[in-house]
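Dear colleague,

Please find the structure below, together with its sequence.

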Amino acid sequence: MEWTPMELNPELMRCLGVSESWRFVDVVGLESEQLSAVPKPCCALMLLFPLTHKHESFRQQQADKVAGGSEVYFLKQTAGNSCGTIALLHAVANNKSKMTFGESSGSILKKFLDETANMSPDGRTKHLDKNQADKVNFHLIAFVNVNGQLYEFDGRMDGPVKHGATSDDISFLSQDAAKVCRGFIEREQGEVRFSSVALCHS
């Protein structure tokens, strides 16, 4: 099954029933000066990048770094082009305590997160695959601070990748998540088709 690729526009969170105080903003670059323009607090960074042979080789090397455990919300991507939805779910679910959801509108996102909260990653994936959603060769992943640890959530992996300690206020965006994203860009010398968005409180 393949989904239509997702577009992360500023209205998306409101349409999903998340309080208007949280929104996606474009990140124009991953260097300190550019990151200083991103509103704070920022609770997640999502990176869009081309799927290449170099990336696939790198992912195979990362297999032993996959973190298990129930401290994070994770689900796998099984449907083509669903990476945007998966990244959004990873970003919001792992920051759920910071979000407020519109009760009167019956948030579709909150309903899904509540229904899948106690499921295994495979159970969550099956629940998502019940929903119906053009082949593209790009992929979207999320970086989130969960309990002071930087996690990379890629639905094509068997679990999240733990990158080490981070801090919401000091280093999450400007140092830690951006550094990992820059690694993606550096591995793909000559490739320029990267973009990122951050989930920020406004």
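**Findings**

At 28% relative accessibility, Gly 102 counts as partly exposed, a class that lies between buried (under 20% relative accessible area) and exposed (over 50%), computed with a 1.4 Å probe on protein chains only. Please note that this is a predicted model, in which local features need pLDDT of at least 70 and side-chain atom pairs count only at pLDDT 80 or more, while totals for chains, interfaces and linings use all residues. Residues are numbered from 1 along each chain as its sequence is written, and side-chain values use heavy atoms, with hydrogens and water left out.

Gly 102 belongs to the loop between helix 4 (83-93) and helix 5 (108-116); helices (H or I, at least four residues) and strands (E, at least two) are DSSP runs, numbered from the N terminus. Leaving aside neighbours within four places in sequence, Gly 102 is in contact with Gly 17 and Ser 107, where contact means heavy atoms within 4.5 Å. Leu 16 is 86 residues from Gly 102 in sequence, and their C-alpha atoms are 9.0 Å apart in space.

Six strands form an open sheet in the order 1-6-2-3-4-5, with antiparallel pairing; two strands pair if DSSP finds at least two bridges between them. Strand 1 (22-27) and strand 5 (161-165) stand at the edges with a single partner strand each, so one side of each is left without a neighbour in the sheet. Strand 2 (residues 42-50) and strand 3 (residues 138-146) pair in the antiparallel sense over seven bridges. Leu 140 in strand 3 is the bridge partner of Leu 48. Helix 7 (residues 172-187) packs on the sheet, touching strand 2, strand 3, strand 4 (149-153) and strand 5.

Aromatic rings are the last topic. The structure holds five aromatic pairs, counted for rings of Phe, Tyr and Trp (its six-membered ring) with centres within 6.5 Å; planes under 30 degrees apart count as stacked, over 60 as edge-to-face and the rest as tilted. The rings of Phe 49 and Phe 184 have centres 5.0 Å apart and planes at 50°, so this pair is tilted.

Yours sincerely

Note on methods. Axes fitted to C-alpha atoms, helices over the stretch in contact; angles between N-to-C directions.
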